[in-house]
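The questions below ask what the terms used for this structure rest on. Each answer sets a value against its definition.

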Amino acid sequence: MATNLALNAALGPSGFKTVHAVCSHDCPDSCGVLVTVQVGSGGAPDRAVKVQGDPAHPVTRGFLCGKVAKYLDRVYSPDRLLYPMRRKAGVAKGPLAQGREAEAFERIGWDEALDQIAARLKGIAAEFGPESVLPYSYAGTIGQLGYGSMDRRFFYRLGASQLDRTICSTAGGTALTSVYGVKLGTTPQDFAHAGLVVAWGANIHGNNVHLWPFVEEARRAGARLVVIDPYKTRTAALADEHLAIQPGTDTALALGLMHVILREGLEDREYIARCTTGFEELRAHALKPEHTPENVAQVTSIAAERIVRLAREYAGSFKVTGRPAAIRLNYGIQRSENGGTAARAVCMLPLLTGAWQHRGGGLQLSTSGSFPFNGNSLQMPELMMASPLGRTARVVNMSQLGQALTREDAGVGGPPVKALFVYNSNPAAVAPNQNDVLRGMLREDLYTVVHEQFFTDTADYADVLLPAPTFLETKDVQGAYGHLFAQVSERAIEPLGEARNNVTLFGELGRRMGFEEACFDDREDELIDQALKTEHPWFAGMTRERLEREGHVPLQLPVNEDGVSLPFSTSEWFKTPSGRGELVPVPVFVAPVESRGGVDAGTYPLEFLPRKADNYMNTTFGNLAVHQRMESRTAGVLEMHTKDAAARGITAGDEVEVFNGRGKIALRALVNGHVGEGVVAARLDWNKLSAGGGNVNALTSERLTDIGGGATFYSTLVEVRKA
Ligand SMILES: Nc1nc2c(c(=O)[nH]1)N[C@H]1C(S)=C(S)[C@@H](COP(=O)(O)OP(=O)(O)OC[C@H]3O[C@@H](n4cnc5c(=O)[nH]c(N)nc54)[C@H](O)[C@@H]3O)O[C@H]1N2
Ligand SMILES: Nc1nc2c(c(=O)[nH]1)N[C@H]1C(S)=C(S)[C@@H](COP(=O)(O)OP(=O)(O)OC[C@H]3O[C@@H](n4cnc5c(=O)[nH]c(N)nc54)[C@H](O)[C@@H]3O)O[C@H]1N2
Ligand code: SF4
Ligand SMILES: [Mo]
């Protein structure tokens, strides 16, 4: 393994070295990256000259996605934020023109920045209570240290509000765990052995491209790829069949499939008896007349024959082809009001057919919970007790940032938010109900610190800006949410400018605050050791030294007599209270309140899909010319169905206004067959790069999902008119 890794040691004859890093972006693939570094001579700094996918990594397999293949454009972009800065006196907060942001700020030193931040946080905590400080972070990096380590220690010790990090995956994660007890699933490599692949709310080719070669391998051996998605994604365009489902109706479709499977006796009774609980109740529920293919067709807009055919093909895959069916469920369906229930329903399907018993069968949503990193050691929640608060701090849901910043009690009770500390995130652009978020961020009495690589939309509202490194400039340890290899990411080059990572920033800020605990002195290697310290058998032999040597190390999952790991093939794998796959409570289909089938239908008749870009990572990369060129087709565009356009007198190319009760945005109509009737789509972009200064999140709501408290981006109704 990893024989080609020179890691950080060997220096080639030509003054180049190769360093093993890990792509830390919020992507299931967590690629191994080999960075070629030209070693500086005569005092010049080392310079990264090439990035490539690690050929020794079994999932990366030597290639990078289009975004990160161009990574050096990001690292060495002239637009990087490289020094601490503070807002100039008299300059108001709010949107700044791209490329001219620095004019609103003045450069200061790190010492001055840290002293000022410490003084302000102390003052605010003394006057309003420490819970008036709100950290806001998400997954700018998913390295263990960068995502959540010293920052958490800092905010716990301060007694700041806790942030519930719900913006992406909590509905689906809670759903998966409620059925299986653990976030684990079919490995990407095993998808090659599937006889049928279903991509359910999953844009594999766009968002998870390292699964694609395994899907293709399965297809070469005869498998079909079926995509269930209201939008014709890259994945759907390349599939054997695309089922353009009505948004928010996946529970109904899953129940329709169950109806056919159970009506025709295609379920695996032996497996069900051995590994599940609640079957009779689910069976009675699924067989109700409302779940016949004909009735489900009415709700989902998928023809009854296609539902019947998919159910038979899904349940019969192993019998007919000798290869089981695999579902790639991604987070698309759970960004919907009842998305938790929908994810639970889909997760139950392989429990009915017993697909888990065969290599290549089952389901993958997320494998993140399979990595037994010692989160408590890294984050030390017990520090809350040593804070002036002396108790567990209140919790603010990040998907309701608008409320948190605009209500006197932050929407949750207790003091108003008086200080906002943003890192690893761009809430001005990614948070729902943007107009409230921006109204809150505009408050002159809100003290805002932003730790960033670039002058993002959020940076425009900062009082103090702090420079952050890219993953080439910092050391970390990382798992993955789409494969089962742990990796250490070495620092390939020195941080550019004065960038400092999470660990250094919050360790030093802790000292300025007067926190005396020794844990604020820990640095990267100590933290990595702490993260790996566990008795968990899946991390047996997982040490920092080994990761540094080998680059990537697989989790030690249990294997069967053939040496193959088959999650959920036997009851030992389930970590639920019952120790089995839980089919109860039965999933009940309820149309989202804000959907064409819901109680709010009427005023705003169109379902809106505020989508991710294939060549950005949420808003990351959206400011770089080379990435913008790859996304030019959908820049500033509203994708519409011919009939919806015609009904409003709109023709392709027209300027349109998309609006609802929360806001309006300006786009240009595109009629391209990517959405069905009644659905419109636009992609996430930077606010400051959008006509009118607001992006798709001006239209989305702060309503939360049925379970897990998640964001509901994909339950949004709008109307469109010609501008
Ligand atoms: N290129 C690229 N890669 C990314 C990202 C990115 O922004 N760009 N983001 C990363 C992040 S943060 C994440 S969480 C993952 C997410 O990866 P995915 O879970 O794949 O995320 P989405 O693109 O939000 O949703 C997938 C699909 O669900 C569809 N969908 C929407 N509503 C419904 C519905 O009601 N039913 C069904 N069946 N489908 C629906 C959408 O049209 C979309 O094509 O990808 C990561 N990878
Ligand atoms: N309309 C709509 N809204 C969405 C979504 C959608 O599909 N549609 N997707 C949602 C989802 S799934 C997610 S996960 C969220 C994502 O929301 P965010 O996590 O906010 O994602 P990004 O927009 O990628 O912004 C991450 C920022 O972190 C910075 N960063 C990177 N590395 C570091 C670092 O080491 N330190 C610091 N301090 N900063 C760093 C990057 O420069 C970038 O600006 O957005 C959500 N919002
Ligand atoms: S964004 Fe995803 S696919 Fe691209 S290099 Fe990073 S981990 Fe790999
Ligand atoms: Mo996400």
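On a 1 Å grid over the protein atoms alone, a pocket is an open set of points with protein on both sides within 12 Å along at least five of seven lines, a cavity is a set where a 1.4 Å probe fits but cannot get out, and lining residues have an atom within 4 Å of a point. This is a predicted model, in which local features need pLDDT of at least 70, side-chain atom pairs count only at pLDDT 80 or more, and totals for chains, interfaces and linings use all residues. Residues are numbered from 1 along each chain as its sequence is written, chains are lettered from A and ligands numbered from 1 in the order in which they are written, and side-chain values use heavy atoms, with hydrogens and water left out.

Q: What is the volume of the largest pocket?
A: About 920 Å³, where grid points are joined across faces, edges and corners and the volume is the space filled by probe spheres set on the points. The lining has 34 residues, and Gln144, Tyr147, Lys183, Ser368 and Gln379 lie nearest the centre of the pocket.

Q: Why is the largest pocket said to lie between domain 1 and domain 2?
A: Domain 1 (85-158 + 373-467 + 496-522) and domain 2 (171-369 + 565-582) both give residues to its lining, so the largest pocket lies between them. The domain bounds come from an automatic or database domain assignment.

Q: What makes the pair of Tyr180 and Trp356 edge-to-face?
A: Rings of Phe, Tyr and Trp (its six-membered ring) pair if their centres lie within 6.5 Å; planes under 30 degrees apart count as stacked, over 60 as edge-to-face and the rest as tilted. The count by this rule is 23 aromatic pairs. For Tyr180 and Trp356 the centres are 5.5 Å apart and the planes 75° apart, hence edge-to-face. Tyr180 and Trp356 are 176 residues apart, so the pair links distant parts of the chain.

Q: Where does ligand 3 sit?
A: Ligand 3 sits in the second largest cavity, as more than half of its atoms lie within 2 Å of the grid points. This cavity has a volume of about 120 Å³. Among its 16 lining residues, Cys23, Cys27, Asp29, Cys31 and Cys65 are closest to the centre.

Q: How does the shell around ligand 3 divide by class?
A: Seven residues are nonpolar, two polar and two charged. Ala, Val, Leu, Ile, Met, Phe, Trp, Tyr, Cys and Pro count as nonpolar, Asp, Glu, Lys and Arg as charged, and the others, Gly among them, as polar.

Terms used. Helix = DSSP H or I, 4+ residues; strand = E, 2+ residues; numbered from the N terminus.
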